[in-house]
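Please find below a short note on the structure shown here. The points are meant to be read with the model in view.

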Amino acid sequence: MALTLAKAAEHYGYDLKNDFGVKLLFVTGEMCTPALAANLESVWGADVYNILYGSQEAFVIATACRNKRMHLSQTNYLFEVVDPDDGTSHGPRGTGELTVTMLVDGVKPLVRYRTGDTVVVEESDCDCDMPGDLVRIVGRTLDRISLGEQRFTAGQIETAVLGGVTGSAGYQVVIEADEAGRDRLTVRLELLRGESVDTAAIAARATGALGVPVTVELSDGLDPIVSTGAFVSWKAARIVDRRTEPDHETRVAQKMAANRGFTD
């Protein structure tokens, strides 16, 4: 939404940094990697805080502190990190799928509720006044993608694509297999007017991070499905996987984009 608003303002002739005087952006509702936050700061000229993390089922699970780090609400929940594939518990910290048990009387009786979110939970070393372990949300478990011989979270892919990128109005990743069956990526970047990036440097960083060949193209307008953001899923909005047929979520996102008037 923050990127769509920036594109709309530019379309109507506004200067984002001078005509609005925005100082802070509080974002929520989908994964926001540090790379995406840095890009948003460059676009709006404002501080960006990924202010809270939660769900309709479990309410607010974590909130951001003044240092832009997310702290778990350990007064309201018992937290556990489990292997997303077999459910093996890693205890209260580690990398895996976040599982919560609600401790608040009279609220939802959630017991070891699996959120479907891949996270990294660590003991806090933050100098703020907020209690609670630190948590980083790195994507939905269903959004993990196999590339080459590795499997990546949404956060890893977005960081590889957007690391060091500024002035971008959005991105999309196309995955294909070459004649030998090896995976390769094409990153489509849309830039705001007057912005420029080193596409070769971005491609080199992404290739090193993901272990497959990456090329970067600048686009005048991305596929309208990108505008659906996390209304359906990050993967449906950002990934075009030509190795397989579109899945259910992708078809839903395509229909949503069409119904909202983004396509003919």
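1. A disulfide is a covalent bond between the sulfur atoms of two cysteines. In this analysis, a pair of cysteine sulfur atoms counts as a disulfide if they lie within 2.5 Å. The model under review is predicted, and the structure holds zero disulfides.

2. C32 takes part in no disulfide, and the nearest cysteine sulfur, which belongs to C65, is 15 Å away. C128 is likewise in no disulfide; for this residue the nearest cysteine sulfur is that of C126, 3.6 Å away. C32 is buried, with a relative accessible area of 14%, and C128 also counts as buried, at 12% relative accessibility.

3. Strand β7 (residues 94–102) runs antiparallel to β8 and is joined to it by six bridges. Within this pairing, G96 has V119 of β8 as its bridge partner. Strand β9 (residues 134–140) is also antiparallel to β8, again with six bridges; here D117 stands opposite R140 in β9.

4. Is T186 buried or exposed? T186, which lies in strand β13 (residues 183–191), has a relative accessible area of 12% and is therefore buried. The side chain of T186 makes a polar contact with the side chain of T215, at 3.4 Å. Leaving aside residues up to four places away in sequence, T186 touches Q172, V173, V174, E176, T215 and E217.

Technical notes: Residues numbered from 1 in each chain as written. Predicted model: local features only at pLDDT ≥ 70, side-chain atom pairs only at ≥ 80, totals over all residues. Heavy atoms only, no water. Helix = DSSP H or I, 4+ residues; strand = E, 2+ residues; numbered from the N terminus. Buried < 20%, exposed > 50% of the residue type's maximum accessible area, 1.4 Å probe, protein only. Polar contact = N/O pair within 3.5 Å; in protein donor to acceptor, adjacent residues only side chain to side chain. Contact = heavy atoms within 4.5 Å. Pairing = 2+ DSSP bridges.
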